[in-house]
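Work through the exercises below with the sequence and the structure side by side, and try each task before reading its solution.

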Amino acid sequence: MQRRQFFLKTAVLSVSASAIGGLQTSQAQTCPPLAPAPIPSTGTGTGINAVEAIKALRIPTGPYAGAYEIAPNGLSNWYFTNLGLIAIVQYLNGPDLDTYIRSYLDLYLSKLEPNMSIRDVHFPFGRVNTSNFTLVLADSDDSYAATTLTLAARYLRASQNWAWWDQNKARLKDIAYRNIATAIKANGLTSVFQSPRSQTNNAGYLMDNCEVYRGLTDFALLLRERGEPADATYYESFAKNISSALATLFSMSNNGFRFADLANQTETTFYPGTTCQVFPQVFGVTPLAPYYDRAWNFFNLNSTGWEKGTIDPYPWAVLGLAAALRGQTALAQAQLASMEKTFAISRPLMTINELGFYQRIKSVLAGRSDV
């Protein structure tokens, strides 16, 4: 399940710790939130209540209370958690937004390193002892930051908790600046890591940069709405340049994207070669819309039967979301059915990010907005 290790030169992964500092005082929700949406049916039987399944992964005690396991008694990965939580914001009422999203964002901000990166958390004894943990270097800086920006934007729009924004906007700007703006390469793409980790891997990944485009676009729109046009324009400019740089990864001869700027050609391996093809559409990189169809065809040509869950142990629900967004309902429903079987017999494989994309598929098929 590791990502972004394809060009890694060296790796020093873990740092042990017995305790970490706690939360700063933050702003609970005081304004009436937007009304939550009803959770749609899958249309494939009873289905999975992904919202409740994600809630159940919240860690209740210890220094990381308010974070989430990626699966029951599993590690805590901020990036995967962000992808899960983004999907459920629209289905939470005011108290739940406070409990499951705001408190998580507060925790995230409190655990940032001095350089605004963050470390994942391994719990060797699971929930039996959440005070015993090991900190592990994240497998990216750019995607962790970008998905945090998107989650914060979704939370703020749903909760209308602008006191939280006023208290934390400087910190969010620091996250965007240190992990994204200062990591932009000469070709316009973000490096997976900020310096000095970029010395071991400075690839500009297609997947990451699609997530970064979305995060910066969401953040810039929020800044503009809150009366900060200069900062909004600053981050919009990076998003625009990223979309232009992503277009250079498309191979006209092979009708598909290279998975990174350091890759010499398109690849037909499931991950990252074909799975990356759907990310421009899933993350709404609209300047790349002329390539959506060809990238989708490249993916399907080289990953036949993906919707049945036979290619990889993990479901890769992001693929079903791409199908749903493209109006290919039968494929999306087939993957939902496959994931429901996986959830029943191999629960650890349905990680929090997979649950999030599962919920997003349901949302699109029900005619709701994606997130």
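A residue is called buried when its relative accessible area is under 20%, exposed when that area is over 50%, and partly exposed in between. Keep in mind throughout that the model is a predicted one.

**Exercise 1. Decide whether E113 is buried, partly exposed or exposed, and find the partner of its side chain.**

Solution. Begin with the relative accessible area of E113, which is 23%. Buried means under 20% and exposed means over 50%, so E113 is partly exposed. Then turn to the side chain: E113 and R119 meet in a salt bridge, with a distance of 3.4 Å from N to O.

**Exercise 2. Describe the salt bridge between R154 and D218, and work out which parts of the chain it ties together.**

Solution. First take the distance, which for the side chains of R154 and D218 is 3.5 Å, N to O. Next locate the two residues: R154 belongs to helix 4 (residues 142-159) and D218 to helix 6 (residues 206-225), so this pair ties together parts that are 64 residues apart in sequence. Finally consider accessibility, where R154 is buried with a relative accessible area of 19%, and D218 also counts as buried, at 6%.

**Exercise 3. Examine the salt bridge between K173 and E228, and name the network to which these residues belong.**

Solution. The closest N and O atoms of K173 and E228 are 2.4 Å apart. K173 lies in helix 5 (residues 162-179), whereas E228 lies in the loop between helix 6 and helix 7 (229-247), so the pair ties together parts that are 55 residues apart in sequence. K173 counts as buried at 18% relative accessibility, and E228 is buried as well, with a relative accessible area of 15%. Widening the view, one finds that K169, K173, E228 and D231 are linked in a network of salt bridges. For the whole structure, a search finds 16 salt bridges.

**Exercise 4. Explain why helix 11 can be described as largely enclosed by the rest of the structure.**

Solution. Start by listing the buried residues of helix 11, which are A317, V318, L319, G320, L321, A322, A323 and A324. Because eight of the nine residues of this helix (residues 317-325) are buried, helix 11 is largely enclosed by the rest of the structure. Now look for what surrounds these buried residues: they pack against helix 8 (270-274), helix 9 (279-282), helix 10 (292-302), helix 12 (329-345) and helix 13 (352-365). Just after helix 11, G327 takes a positive phi of about 80°.

**Exercise 5. Determine how helix 11 and helix 13 are oriented towards each other, and which residues make their contact.**

Solution. The two helices pack at an angle of about 15°, and their axes are 8 Å apart. Since angles under 35 degrees count as roughly parallel, helix 11 is roughly parallel to helix 13. The crossing of helix 11 past helix 13 is left-handed. On the side of helix 11 the contact is made by A317, V318, G320, L321, A324 and L325, and on the side of helix 13 by E354, F357, Y358, R360, I361, V364 and L365. Sorted by class, this contact has 10 nonpolar, one polar and two charged residues.

**Exercise 6. State how far apart T329 and L365 are, both in sequence and in space.**

Solution. Along the sequence, T329 and L365 are 36 residues apart, while in space they are 7.2 Å apart, C-alpha to C-alpha. T329 lies in helix 12, and with a relative accessible area of 36% T329 is partly exposed.

Definitions and conventions:
Residues numbered from 1 in each chain as written. Predicted model: local features only at pLDDT ≥ 70, side-chain atom pairs only at ≥ 80, totals over all residues. Heavy atoms only, no water. Buried < 20%, exposed > 50% of the residue type's maximum accessible area, 1.4 Å probe, protein only. Helix = DSSP H or I, 4+ residues; strand = E, 2+ residues; numbered from the N terminus. Contact = heavy atoms within 4.5 Å. Salt bridge = Lys/Arg side-chain N within 4 Å of Asp/Glu carboxyl O. Axes fitted to C-alpha atoms, helices over the stretch in contact; angles between N-to-C directions. Parallel < 35°, antiparallel > 145°, perpendicular 65-115°, else oblique. Left-handed = near helix turned anticlockwise from the far one by under 90°. Nonpolar A, V, L, I, M, F, W, Y, C, P; charged D, E, K, R; others polar.
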